Amino acid sequence: MEIIYVYTRKRSEFGRPCSFSDRPAKVNVDIPPDPSVASEFILRNPVDSYVQHTSDMSEHEVNTERVEVESRGVNHVEGGWPKDINPQEVEQTIRFRKKVEKDEHYINTITHLGTLMEHCVKQNNAINIYEEYFGEEEVAEAEDEPPSAKTINVISKLTSFFNVLLSKRDPNVTKRTATHLSWHPDTCKKLAVAYSSLEFQQNTKDMSFDSYIWDLENPNKPELVLKPSSPLVSLEYNPKDSHVLVGGCYNGQMAYWDTRRGGLPVEVSTVEVSHRDPVYGAIWLQSKTGTECFSASTDGQVLWWDIRKLSEPTETLVLDVTRKGLLENALGAVTLEFEPTMPTKFMVGTEQGIVIACNRKAKTPPEKITSTYSGHHGPVYALARNPFYPKIFLTVGDWTARIWSEETKESSIMWTKYHLSYLTDGCWSTVRPAVFFTTRSDGTLDVWDFLFKQNDPSLSLKVCDEPLSSLRLQDNGCVVGCGSKLGTVTLLEISSGLCTLQRNEKTLATAMFERETKREKILEARHRELRLKERARSEAQETEVEEKPVESPHEVLNRARREFFEVIEVELQRRAQAETQCLRGKVPGMGRTQPQHSLPWGRGHGSASVFQVKDRAGEEAAAQGEESQLLKDKEEEEEEKDAA
């Protein structure tokens, strides 16, 4: 091939990166306007154009073919009969069966198959084909996993969505507290939340009264809006009918909803027969109809209801620990506890820090209050029995959480450390007997495992910046919901180590609770013995005081006057003694000094009795007489010397 022309360039002149620099603007061409062409100028409307600097992207969707599943089955009936025999005729079937049973081939076949079946049956009885051989290793792996929790969902209200959706009905800036949570009893995919502002005189006229039922698969919009006549403080699903909920209102009324009928309450109790304060606790009872519940309020009453007739309560109990039944002496209830396995017993946590144990089936109202437990410095915000040991219960109040036993009423058997922030709620784990949860006013969720350590929580998680107000655990023990003061509900998934029953955990927990209960019993017995001794000593002192004659007011006045003049006399004698000591110091040869006595009320020797004052006065008078006699003798000797 013939090369006509070759383009050549130095290697240093190509392949180098571009080097840009700043320089001032420079006018290359300047064309002055031509006035003669101005008439030909056509004014055009402004045109906007845009430039997209990113690459074009295409959106593509693919729908897979839908798999249609059809349920099919085969119904086996009696068959295998010859064509000439009708299986519906009993006589023909019996005749044919007898004929076949006499056949030698049939007998030999059954004998052979029976031997094989007998071997298989014995083999199944000897070996468990469903036995798990590696269960211990799985438990060990769960134990090695460090405690943790992760946020799986956050339900926030009154922030953006509701201000847009419900702008006419809920435009207020004041946030409402998520006061109570209740999980759906069947699916655990729904959560009922009661919203109310519990701060004194903070409710504005335009504040919403609504509470909501949330679907966790669609947290952006509530599944149902509950519209009570007053803000809900407590809200509970019916465990027997998941469509029915009961709620306690801020004004003391009770109401119930049927979700199939919408958001308006089906029935509401009248104000005259309801509570006088907010209903902080409402719990369903175990009954045949599934329509009975009871409630408690800070007005000091516990009321029993049947939602089929909310016109009046079926039963009333006044929480008067003096057992006089007076409402003015009643303690305000803040929380309720009811264990279905103990249908006649329930417990109430009060504002005064006292837990009251009650028995509904007692004969008289005073007998319904069986015992009290006092251990908190403020209201008891949470009260829950251990699901594995009903005699062990948890209380949360002030800065601690305490574990109690029904057998020890004077003190709790175990407790947490005092936190810097107030504790607001707590509950037991549903799957592990020694694990419980607490929430704090600084927005922290604590998970305690008392078998692991008791001084500090196994897991502390900062959920939000505002105080946490409510807490509720799912029945599976893996998901916990936390409600805050600003109405945000956070759902947390607990690590498997905290929601999986460990090996021998029940045995260890039983031993721990029994050991601590026994220790508290011994301490209670010792304290009781010391109190009895102190009481006997005080009674003996009171008896001695009573044996002394009672003085009249005149005698008391005379005795006080006499003691006063005696003290004055002692003071005069002391001053005379001091002057004598001064004179004796001036006289030569007199070097002996007398001990100085302080006043009876002096700080150095303490306060002396009247008898001690009299003895001391006598001693000082005798000493003064001796000194005056010595002075007289000395003066006579000097006079004799002068006369001589």
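Contact here means heavy atoms within 4.5 Å. The structure shown in these views is a predicted model.

View A. With residues up to four places away in sequence left out, S371 touches R323, V355, I356, A357 and K409. The relative accessible area of S371 is 8%, so this residue is buried.

**View B. The largest nonpolar core.** This core has 19 residues, and I403, W428, F436 and F513 are those with the most contacts inside it. At least two residues of the core come from each of strand 18 (380-385), strand 19 (392-397), strand 20 (400-405), strand 22 (423-428) and helix 6 (505-547). In soluble globular proteins, nonpolar side chains tend to be buried together.

**View C. Contacts of F436.** Neighbours within four places in sequence are set aside in this view. F436 is in contact with L394, A401, I403, T416, C427, W428, S429, D446, V447, W448 and F450. Two of these partners, I403 and W428, are listed with F436 among the residues with the most contacts inside the largest nonpolar core.

**View D. A nonpolar surface patch including I568.** F564, F565, I568 and L572 make this patch of about 420 Å². I568 belongs to helix 7, which covers residues 553-586. The relative accessibility of I568 is 37%, and the residue therefore counts as partly exposed.

**View E. Cysteines C249 and C358.** C249 counts as buried because its relative accessibility is 0%. C358 is likewise buried, with a relative accessible area of 3%. The disulfide count for the model is zero.

Note on methods. Residues are numbered from 1 along each chain as its sequence is written. This is a predicted model: local features need pLDDT of at least 70, side-chain atom pairs count only at pLDDT 80 or more; totals for chains, interfaces and linings use all residues. Side-chain values use heavy atoms; hydrogens and water are left out. Buried means under 20% relative accessible area, exposed over 50%, partly exposed in between (1.4 Å probe, protein chains only). Patches are made of residues with over 30% relative accessible area and no salt bridge: like charges are joined within 9 Å, nonpolar side chains (Val, Leu, Ile, Met, Phe, Trp, Tyr) within 5 Å. Accessible areas come from the Shrake-Rupley method with a 1.4 Å probe; for residues, only the protein chains shown count as cover. A salt bridge is a side-chain nitrogen of Lys or Arg within 4 Å of a carboxyl oxygen of Asp or Glu. Helices (H or I, at least four residues) and strands (E, at least two) are DSSP runs, numbered from the N terminus. A nonpolar core is a set of buried Ala, Val, Leu, Ile, Met, Phe, Trp, Tyr and Cys residues joined through side-chain atoms within 4.5 Å. A disulfide is a pair of cysteine sulfur atoms within 2.5 Å.
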